[in-house]
Amino acid sequence: MSIDKDAGTGNEAREPLEPRVGPVPEGDPEFRPYHHPAAGWGAAKSVTRFLVEERALVDGPRAIMRMNHENGGFDCPGCAWPDDTKGLHLDICENGIKHVTWEMTPKRVGREFFAAHSVTELYGWSDYDLENQGRLTEPMVYDADSDHYVPISWKDAFELVGAALRGLDSPHRAAYYTSGRLGNEATFLYQLMARELGTNNLPDCSNMCHEASGRALQAALGTGKGTVDLKDWESADALFILGVNAASNAPRMLTALAEADRRGAQIVHVNPLVEAAATRTIVPHDFTDMALFKTTKTSTLNLQPRIGGDLALLRGMAKAVLEQSASDPKALDRVFIDRHTSGFEEYRALCEATPWEELERQSGLSRDDILKAARVYTEADRSIVSWCLGLTQHEHGVDTVREIVNLLLLRGNLGREGAGPSPVRGHSNVQGNRTCGIDHRPTDAFLDRLAEACGIEPPREHGLDTVRTIQAMRDGEVKVFVGMGGNFALAAPDTPATYAALRSCDLTVQVSTKLNRSHVVHGRAALILPCLGRTEKDHQRGGVQSTSVEDSMSMVHMSVGMKRPASPHLLSEPAIVAGMARAALPDSETPWDWYIEDYDRIRDTMAEALDGFEDFNRRVRLPLGFRIKQPARELIFLTPSGRAEFSSAALPDVVPEPGTLALGTMRSHDQWNTTIYSDNDRYRGIKNLRTLIFMNRADMRERGIADMGPVDITSTARDGSRRFLNGYTAIPYDIPRGCAAGYMPEMNVLCALGDYSTQSDQPIMKHVKVTVVPAA
């Protein structure tokens, strides 16, 4: 992995970056196309092997049986797919079990470990090996003289943070990053601390994943969230799944897809790769199907647009609906359009003026394929459109999500059962983070309520998002970086720029459960603050505490740990936030200690400060919790016009230039975000390999690349700088010509820090411009 100095990056030419991400392969790389159903016995076998390797054959199954119950247990800390509405006790998935077991490991990383290994040595370890050492057990501080982390008391750790924050000449010299694993109560305290300190520098993982969704839905409907819930999924006549690899990213969606097929609903998957979840499945808790190896279809139509071609497909579907309405007025819901929308005539004119030839060229699909999808849409009374990062991590991500809304508005698929937009959030509480105040661009209404409820004067100036935080750290403008969960060094784009930014800080603070890359790529001073996992009991003065999370469909519910903490020296995330706040704000009137004694007190304040959280403590304890009110679901649109807004964006040109490919980064199946469980990707037929690139076979032949042959990959950024990955393996795959795909975080190096969407500020990790040649 390397970059080109001459392009102005400021790094040495072809400077090696970090070691491998995954474990040492168990054998030679293999590629065998996968033709089996998703989940089923393949998932059961994988889970069993993982439980054996993690020495969790007893605790793992116990956790599985209690997961997602309102009566004991804990909420899965994996994806944000909602809990089953029918009280299904085995609504579980392979990745959820692995995620939980990975956290419950008996392995420990204490002072003896850090005494035996310098940071320089640990930097050379693989990311898999770092995390695989086990759970962190006590706070540690970096000692530059010895190049080791050494123990520090919690009191001294908090004072170190407090002194650094108090010593800044401006509160904007600090940034407070949030991962989607953070619960609502800790999230609320975290943003309160930052704002009481005087900054809105609250970058989060949403800045890299669904920022486009929030901005598009806010502009179109007056809400940053989807409008549907799981019951809508259970009653929709048609489901359109765009840019989602459900079997890996939201595996419990497979249950909804299987049930939809059984009731005769139409299911359309739109993705450059036909993923396993878009074919058939055996749902593990359907014991009869498991015993009989009985599969259920999860799609009725698969479309493979070129990378970035989704907007053209959606506009083509809208064009087809409008053309059909000339002879079939029922194709449009004119009553809904006239009563509830604005901008329809401009949008109609735009669709009519867009030639089919251009829609075919930009989408990479034939007119017949687009019309097939349009027929499914017009023949369905109620349709849901769902999407994930395959649509958002593009320059035109906001326009694409708004095009989804345009299509839904044409037939009144909003504000009624079984219809509406449904973004698929990846991490368990990434949506809750935003709801509870992690937003670098807060509204005045939110800040006004926060000020009244908490007695502070929050800053009004917008803060830094993720990309601009990296830029500010690199340029010396941000001196202190606090990371609540996650693995920022590995998750962010432009790996060398992110590393340089973290190393430029005076202090980096990482609140974590396990060792990771962000602990060995650190500032001049650095702290590791170990926290409780969601699987563990949180004992405070008021007794065992619970926290809440919000799923993808706006349901807020409790999460209660069941395990003894991995170490007596761990603190909860709310307690860590409160400790830092006390030290940084010695004159604060916020009752930090009082809050931590009983989290109900935090929730009472949240009920005053957050719209939709009224009567929080009672409603969150209801079976399955409660759904945050959603005005757009009730056809109340908090937009300037008071109506749902059609958009009329120009069709972007996404056709790659001759000789180049559009590369999208993605996760392997045996991976959760930056956590790597193995070098295998079962659903794509890969074994013992992560340094690869999936390519169309014709594109490979054109470049003289052999199957499984070594290749060199070069990306070219907007500013002309180039980045390199050398010696990767080319895998022939069913992907449209001109497109390629590979794994993050290894390929994050190819996405330049300056290559972010001007619409959403998201890194364009799904549309990197690359050239691929046989390895030199």
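I count helices (H or I, at least four residues) and strands (E, at least two) as DSSP runs, numbered from the N terminus. With that settled, I opened this predicted model and found 31 helices and 34 strands in the protein.

**Overall form**

I looked up the extent next. The C-alpha atoms fill a box of roughly 75 × 65 × 55 Å along the principal axes. For 776 residues, a compact globule would have a radius of gyration near 28 Å, and the protein's 25 Å agrees with that.

I then checked burial: 66% of the 776 residues are buried. Among contacts with a separation of 6 or more, 78% join residues 24 or more positions apart. The accessible surface comes to about 27000 Å², and carbon and sulfur atoms hold 51% of that area.

**The largest pocket**

Which residues lie nearest the centre of the largest pocket? I noted Gln218, Gly224, Lys225, Arg434 and Thr443, out of a lining of 34 residues. The pocket holds about 1100 Å³ of space. Three helices, α9 (211-221), α21 (430-435) and α22 (444-454), each give at least two residues to the lining. By type, the lining splits into nine nonpolar, 15 polar and 10 charged residues.

Definitions and conventions
Residues are numbered from 1 along each chain as its sequence is written. This is a predicted model: local features need pLDDT of at least 70, side-chain atom pairs count only at pLDDT 80 or more; totals for chains, interfaces and linings use all residues. Side-chain values use heavy atoms; hydrogens and water are left out. On a 1 Å grid over the protein atoms alone, a cavity is a set of points where a 1.4 Å probe fits but cannot get out, and a pocket is an open set with protein on both sides within 12 Å along at least five of seven lines; lining residues have an atom within 4 Å of a point. Grid points are joined across faces, edges and corners, and a volume is the space filled by probe spheres set on the points. Ala, Val, Leu, Ile, Met, Phe, Trp, Tyr, Cys and Pro count as nonpolar, Asp, Glu, Lys and Arg as charged, and the others, Gly among them, as polar. The radius of gyration is taken over C-alpha atoms; the globule rule is 2.2 Å times the number of residues to the power 0.38. Buried means under 20% relative accessible area, exposed over 50%, partly exposed in between (1.4 Å probe, protein chains only). Contact means heavy atoms within 4.5 Å. Accessible areas come from the Shrake-Rupley method with a 1.4 Å probe; for residues, only the protein chains shown count as cover.
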